[in-house]
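The chain is shown first.

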Amino acid sequence: MERMRKAAKALFFAVFLVGTLASGAIATELGGGAYPNGAEDFMAGAVPPPGTYFLNYATWYSADRFNDDADRIEKFERDAVADVVRLLHVTEKKMLGASWGMHVFIPFADVDVEVPSFGVDESRSGLGDIIIDPIILGWHFSKNLHAVAALDIYVPAGKYGKDHLANPGRNYWTFEPVVGATYLTDGGTEVSAKLMYDFNTENTDTRYTSGNELHMDYTV
């Protein structure tokens with residue numbers, strides 16, 4: 001039974017990889033990315049005044065279909081619930097005219113994956129991949145216009161197993177340059193955007209290197 005289960009997982013991986021490579025693109029391994037898109041919204045391009053801040057993010061992701069250009073699996077369910085602790089420190093020091101800050105994200109996730117046609121039903125929870133950034137630069141050009149630049153580093157500290165589909169971690173490093181801006185009118189109208197570009201390294205367990213990613217969060 002265990003051999004059949006592993007064979008089913010191997011087939012699932014093969015279907016995904018063949019469909020991905022056939023489409024002519026090097027996609028991210030098993031889809032998705034290191035960053036949970038949509039996590040930032042209001043004031044995404046502004047850092048707070050000097051001080052130490054504690055933030056907490058609660059996220060939920062759900063998918064009920066797995067498909068690409070070549071293959072489609074209708075009976076597929078993936079649910080992920082995560083609580084992410086963020087510690088942000090903004091110093092009194094200036095660098096290039098900007099406030100200098102730093103932060104760390106520590107995520108805890110519960111991931112469930114079910115593919116009945118392949119006999120896969122998994123649930124795993126634990127520490128996810130940690131994000132660190134020792135240099136965050138925040139500019140306050142006026143009371144209305146703000147900007148930020150940073151380099152977030154995703155450390156593969158999360159729980160991962162190459163024979164599992166439900167993994168809180170991704171088992172590879174990601175280096176993510178970030179630029180953001182916020183414009184806030186005196187009347188309270190806001191336009192914010194956070195632009196990110198991910199450089200992914202190789203997953204040493206699967207020998208797969210995910211493609212680079214350009215993505216953005218925005219709020220109006």
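## Strand pairing and packing

His 140 stands opposite His 146, a residue of β8. This pair belongs to the antiparallel pairing of β7 with β8, which extends over eight bridges. The two strands are joined by a hairpin through four residues.

The model is a predicted one. Its mean pLDDT over the chain is 84, with 83% of the residues at 70 or more. The stretch of residues 3–25 has pLDDT below 50; beyond near neighbours in sequence, the model gives this stretch 36 contacts.

Read from the N terminus, the order is α-β-β-β-β-β-β-β-β-β-β-β-β-β. Of the contacts between residues at least 6 apart in sequence, 61% join residues at least 24 apart.

Strand β5 covers residues 98–115 and runs antiparallel to β7, with six bridges between them. Within this pairing, Trp 100 has Leu 137 of β7 as its bridge partner. β5 also runs antiparallel to β4, to which 16 bridges join it; here Asp 83 is the bridge partner of Phe 108 in β5. The hairpin of β4 and β5 has two residues between the strands, and Leu 96 in this hairpin takes a positive phi near 55°.

β5 pairs with β6 (residues 120–127) as well, in the antiparallel sense and over eight bridges. In this pairing Val 113 stands opposite Glu 122 of β6. Four residues lie between β5 and β6 in their hairpin, and Gly 119 in the turn has a positive phi of about 70°.

The pairings are listed below.

| Strands | Sense | Bridges |
|---|---|---|
| β4 and β5 | antiparallel | 16 |
| β5 and β6 | antiparallel | eight |
| β5 and β7 | antiparallel | six |
| β7 and β8 | antiparallel | eight |

Which residues touch the most other members of the largest nonpolar core? They are Phe 105 and Ile 136, in a core of 14 residues. Strands β4 (77–95), β7 (130–140) and β8 (145–155) each supply at least two residues of this core. A second, separate core has 10 residues, among them Ala 63, Phe 76, Val 120 and Ala 166.

Leaving aside residues up to four places away in sequence, Phe 105 touches Tyr 57, Val 84, Val 85, Arg 86, Ile 130 and Ile 131. Over the chain, 40% of the 220 residues are buried.

The class follows because buried means under 20% relative accessible area and exposed means over 50%, with partly exposed in between.

Technical notes. Residues numbered from 1 in each chain as written. Predicted model: local features only at pLDDT ≥ 70, side-chain atom pairs only at ≥ 80, totals over all residues. Heavy atoms only, no water. Core = buried A, V, L, I, M, F, W, Y, C linked by side-chain atoms within 4.5 Å. Buried < 20%, exposed > 50% of the residue type's maximum accessible area, 1.4 Å probe, protein only. Contact = heavy atoms within 4.5 Å. pLDDT = per-residue confidence, 0-100. Pairing = 2+ DSSP bridges.
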